Amino acid sequence: MVKEILSMDEVKIFTGNSNVPLAEAIASYLNMKLSPAIVSRFPDGEIQVRCLESVRGKDVFIIQSTQTPAENLLELLIMIDAVRRASARSISAVIPFFGYARQDRKTKSREPISAKLVANLITTAGATRVISVDLHAAQIQGFFDIPADNLTAVLLLGKYFREKNLENPVVVAPDVGAVQRATTFAQEIPHATQAIFVKKRLSPEEVETSRLIGEVEEKSVILVDDAIHTGNTLISAAKEVLRRGAKEVYATATHGIFAGDSLKNLEESPIKEIVVTDTLPILSRPYLPQKVKVLSVAPLIGEAIRRIVMHESVSELFEKK
């Protein structure tokens, strides 16, 4: 809990409907309450937004992840427009999970760059700052022409596994794109070695793991990625490291998307424990396997907001003391 109580006269925190429990936890960390607003639907289904208190001259933070359906993104854009037209002094879009980030570059002709399009929409709507957590790709931060803070939950996840005192740990990146994240994570685990899968992708939904670089025999494997979508990549990697003599397998990622039947498939998989954060409303799901552990990023985001309001460094949150 922060020592300072942010002035309600200067700061307002609103939320959309994408992850209300996380927004409430962030406000609680700041010793504040969420500002009242109507974020509902008109009878014909269109989004209706109205802030129920003045934001004129205030620093406004709007907490809203942009996972599917697309209405979550549209809610965020409309809320930004509402407070902009109400003369807010600054508008920070707090996006714990930045959706539409998988197409962050053109790999084939006639493909969009969805992440850049979403960044443009948020900026055009009137946001003056963006705060997110573990963007799918680091270059997305540069898609914004306004200040953008890319927080990381890797230290939070690393602390959890460090306290487990696993014997002979090895941190495994399930693909080349996860190497930097796995390297940062491994630095949090004493005596951890690293390994990497070089995979061959057959289609956007189907991946054939082809080659493992590194030693996993008689070791406790921790698979590290930014997000779990279908879980197929992690399940395939877990089976392969066990085939190569690994003692046990854990998996961790910042964002637990868990599309389709992924939770059922992960429960039936040989992965011993799966650790994610609450950037998405996982705990409200009707079915959540016991092996899925959820850590909260509310203190991380709350502290970032406090530092921005107090004009303190955000990057110091991730610097070694």
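**Close-up views of a predicted model**

**View 1. Asp 134 sits in a loop between two strands.** Asp 134 is found in the loop that runs between β6 (129-133) and β7 (148-151), where strands (E, at least two residues) and helices (H or I, at least four residues) are DSSP runs numbered from the N terminus. Its phi is near 45°, a positive value in a residue other than glycine. Asp 134 counts as buried because its relative accessibility is 6%, given that buried means under 20% relative accessible area, exposed over 50%, and partly exposed in between (1.4 Å probe, protein chains only). This is a predicted model, in which local features need pLDDT of at least 70 and side-chain atom pairs count only at pLDDT 80 or more, while totals for chains, interfaces and linings use all residues. Residues are numbered from 1 along each chain as its sequence is written, and side-chain values use heavy atoms, with hydrogens and water left out.

View 2. Ser 87, in the loop between α2 and β5 (90-95), has a positive phi of about 70° although it is not a glycine. With a relative accessible area of 31%, Ser 87 is partly exposed. Pro 69 belongs to the loop between β4 (59-63) and α2 (71-85), and a cis peptide bond with omega of about 5° joins Thr 68 to Pro 69.

**View 3. The second largest pocket lies between the two domains.** The domain assignment, which is automatic or taken from a database, gives domain 1 (11-151 + 299-318) and domain 2 (154-290). Both domains give residues to the lining of the second largest pocket, so the pocket lies between them. A pocket here is an open set of points on a 1 Å grid over the protein atoms alone, where a 1.4 Å probe fits, with protein on both sides within 12 Å along at least five of seven lines; lining residues have an atom within 4 Å of a point. About 500 Å³ of space lies in this second largest pocket, and of its 24 lining residues the closest to the centre are Gln 67, Thr 68, Phe 97, His 229 and Ile 257. Strands β11 (220-228) and β12 (248-256) each supply at least two residues of the lining.

View 4. Gly 45 lies in the loop between β2 (37-41) and β3 (47-51) and, at 31% relative accessibility, counts as partly exposed. Glu 46 also has its place in the loop between β2 and β3, and it is exposed, with a relative accessible area of 51%. Leaving aside neighbours within four places in sequence, Glu 46 is in contact (heavy atoms within 4.5 Å) with Ser 40 and Arg 41.

**View 5. Lys 199 is placed in strand β9.** The UniProt annotation "active site", again from an unreviewed entry, covers Lys 199. This residue has its place in β9 (residues 193-201), and Lys 199 is partly exposed, with a relative accessible area of 22%.

Definitions and conventions:
Points joined across faces, edges and corners; volume = space filled by probe spheres on them. UniProt positions renumbered as here; feature names shortened; annotations may be inferred.
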